[in-house]
Amino acid sequence: MDLVPVLEEPLKKALGPATAKVMAEHLGLHTVGDLLHHYPRRYEERGQLTHLADLPMDEHVTVVAQVADARLHTFASAKAPRGKGQRLEVTITDGSGRIQLVFFGNGVHKPHKDLLPGTRAMFSGKVSVFNRRLQLAHPAYELLRGEDDEAAESVGSWAGALIPIYPATAKLESWKIAKSVQTVLPSAQEAVDPLPDPLRSGRGLVTLPEALLKIHRPHTKADVHDARARLKWDEAFVLQVALARRRHADAQLPAVARVPLPDGLLTAFDARLPFTLTEGQQKVSKEIFDGLATEHPMHRLLQGEVGSGKTMVALRAMLAVVDAGGQAAMLAPTEVLAQQHHRSITEMMGELAEGGMLGGAEHSTKVVLLTGSMGAAGRRQALLDLVTGEAGIVIGTHALIEDKVQFHDLGLVVVDEQHRFGVEQRDALRGKGKQPPHLLVMTATPIPRTVAMTVFGDLETSVLDQLPAGRSPIASHVVPAADKPHFLARAWERVREEVENGHQAYVVCPRIGDEEDDKKGARKKSPEDEAEKRPPMAVLDVADQLAKGPLQGLRVEVLHGRMHPDDKDAVMRRFAAGETHVLVATTVIEVGVNVPNATAMVIMDADRFGVSQLHQLRGRVGRGSAAGLCLLVSEMPEASPARQRLNAVASTLDGFELSRIDLEQRREGDVLGQAQSGVRSSLRMLAVIEDEEIIAEAREEAASVVAADPDLTGLPGLRVALDALLDEEREQYLDKG
């Protein structure tokens, strides 16, 4: 008998339509299984009180506390002119702090009767400030009575010594969720275990039904520990099995082995290089060449520090494939980047990129660019060069994926800045080959090992962590514009000094500042914006102020994403040629922009950018022989988390270290690309950074399970768990698309 449907039963049937509707709309919970996997965020102990002193502003909280005093005030109001308006003020305490509860009007009668001094209860509401004191207005509450109290049966029976506090919403308090869980908890007995028995018993993990029971109704802290250990393993293992199956399926595909000619294009290119490759570049190149020489498709992630020479490694791989008679395509996320790669690759190759032209070298090929905004004639010629095989290398944007684009023999796809492309785009481009081409994915945002295993688990990984010789150090400093305005004035003086010494500078702003941008800003304000009463700095405003003020007399230009592609290209060319002194831009310069003469960068409202993004931006300076300078301007107060984040960026140039800091400060859901798609993260228990060992072990276990039984025929519970993970919405989960 198939027991699975018990967990698939809609909550409407189990809890009634009203509760089910709120759970679906506000918590994304639809079935009994969903609710059983909605774990408590933390636990309160009876007799132990929470820290009221640490409550976050504007958040919906649940606290356990004791009533210190309660006062009923009557007052005159428009609705009750004879002084019959009523306000109940209740002060609750937890020993560490106090907070006031306020009830008005008809809502005072029940709490006035219930909340007598000495009463303990759970309170749930939104924290606000009134008269400079913290308060909860009209909170919901649930009395906590003694174990011997008969009324405890009806009210507090679900709460053992540890009271679960659930992620809740204003529409559904934690204890209501707890009661709903209580209703469906017997169904946990029917949960089919996804872990193979030998794995579970070998690691001393409790069964899944037991884990669900212990996470929702723990009697001791040890129960919580056992349950969490087990549920973390489920998440890590099921995800790694999904990734292992993808790797296994890819390994079954045939591919053409691409081995470069002994004295071909690659040899000629290496002979032209004015420098020697770093050890890291040589090691990673060997890993890639070994992969290209196999008869199933290589799938490799190449990650490296900003400026570690990934493009050089990728170009050598592309040349090796052209040598072996195939074609290579490089997919870039933006037109600016595609044009930049095309320009730098043709410059590096020189006459080797002039295949089929007079003056072209003996070993040479054609390197073409394909973007959406190209003119019809140029586009037609590029398409013709690809289908005839005249062009060995093509660099382009999403335009490469269109149906019209056909290749003579596509052997390698290089995807730049992976996190901007979904698995569908990767597959669409791979489908252009007669047989599946090899795949090399490059990312400039260093990713901690565990995250790489979790997010890019279907790819083998190569890491470039050595900077090429001749790269200069970058000094980074936080400029506290509000506390110390003279520091900002000094920042502009530093920019002038760099220009006087023959160098150039970037100024980066969070938004453009045109009308369209302002309209967007008018609609969408975060609480932070409200608090600051100031929109983020804008490129157009800042450029204007600088040109008329502190940078008067210097050539200042702007660059942003809504400019016409030709205008963008012209601005970049002038900057690269040294004709422009200061470029005021949005984050369009974040990746791939290479102007060795640019030595200074000032990032306005730096607290509005993520850690990895700041690291990427900073990597645009110090690319030549002169030292780089990066100034992070912020008006946030010194003690704020935003300033701590900026201090972390200023204190280290190690991208891997910064990416760990970034992850520890953000929710895991964001790491896995869930924040963008709006899908709830599948990781509810697993913390990618903390649970490094579990992820690594789960990956090994998953690989051996899939190798022995690729279709998982002997593991029906695991198949059910996989189907749940890979429902349609979560297909993109396997890829940061």
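**Reading a predicted model, feature by feature**

Biologist: Leu712 lies in the loop between H28 and helix H29 (716-725). What is the phi of Leu712 near, and how do I read it?

Modeller: Keep in mind that this is a predicted model. As a general idea, most residues other than glycine have a negative phi. Here, phi of Leu712 is near 55°, a positive value in a residue other than glycine.

Biologist: Is Leu712 buried or exposed?

Modeller: The cut-off for buried is under 20% relative accessible area. Leu712 has a relative accessible area of 0%, so this residue is buried. His138 also has a positive phi, near 45°. That histidine sits in the loop between strand S6 (133-137) and S7, and it counts as partly exposed because its relative accessibility is 42%.

Biologist: Let's go to helix H28. How do I check the length of a helix, and which residues of H28 are buried?

Modeller: An α-helix has 3.6 residues a turn, so residues three or four places apart point the same way. The buried residues of H28 are Ile694, Ile695, Ala696, Ala698, Arg699, Ala702, Val705 and Val706.

Biologist: Now a sheet, please. In what order do the seven strands of the open sheet come?

Modeller: In general, strands of a sheet pair through backbone hydrogen bonds, either parallel or antiparallel. In this open sheet the pairing is parallel, and the order is S11-S12-S10-S13-S14-S9-S15. Strand S11 (366-370) and strand S15 (460-464) are the edge strands, each pairing on one side only. On average, neighbouring strands of the sheet are turned by 20° against each other, direction ignored.

Biologist: How many bridges join S9 to S15?

Modeller: Five bridges join strand S9 (residues 299-304) to S15, and the two run parallel. You can find Leu301 opposite Thr461 in S15.

Biologist: Which strands does helix H12 lie across, and which does H13?

Modeller: Helix H12 (residues 279-292) lies across S9, strand S13 (410-416), strand S14 (438-443) and S15, and runs at about 160° to S15. Helix H13 (residues 310-323) lies across S9, strand S10 (327-331), strand S12 (391-396), S13, S14 and S15, at about 170° to S13.

Biologist: How should I read ring pairs, and how many aromatic pairs does the structure hold?

Modeller: A pair of aromatic rings is described by the distance of the centres and the angle of the planes. The structure holds three aromatic pairs. One of them, Phe103 with Tyr141, is edge-to-face, at 6.4 Å centre to centre and 85° between the planes. This pair links distant parts of the chain, as Phe103 is in strand S4 (residues 98-104) and Tyr141 in strand S7 (residues 140-143), 38 residues apart. Phe103 and Tyr141 are buried, and together with Phe123 they form one aromatic cluster.

Biologist: What about Tyr506 and Phe575: what are their distance and angle?

Modeller: That pair is tilted, with 5.0 Å centre to centre and 55° between the planes. Tyr506 lies in strand S17 (residues 504-508) and Phe575 in helix H22 (residues 565-576), so the pair ties together parts that are 69 residues apart in sequence. Both Tyr506 and Phe575 are buried.

Biologist: Last stop: where is Ala170, and is it buried or exposed?

Modeller: Ala170 is in the loop between strand S8 (162-165) and helix H7 (174-184). Its relative accessibility is 58%, so Ala170 counts as exposed.

How values were computed. Residues are numbered from 1 along each chain as its sequence is written. This is a predicted model: local features need pLDDT of at least 70, side-chain atom pairs count only at pLDDT 80 or more; totals for chains, interfaces and linings use all residues. Side-chain values use heavy atoms; hydrogens and water are left out. Two strands pair if DSSP finds at least two bridges between them. Helices (H or I, at least four residues) and strands (E, at least two) are DSSP runs, numbered from the N terminus. Axes are lines fitted to C-alpha atoms, for helices over the stretch in contact, and angles run from 0 to 180 degrees between N-to-C directions. Contact means heavy atoms within 4.5 Å. Buried means under 20% relative accessible area, exposed over 50%, partly exposed in between (1.4 Å probe, protein chains only). Rings of Phe, Tyr and Trp (its six-membered ring) pair if their centres lie within 6.5 Å; planes under 30 degrees apart count as stacked, over 60 as edge-to-face and the rest as tilted.
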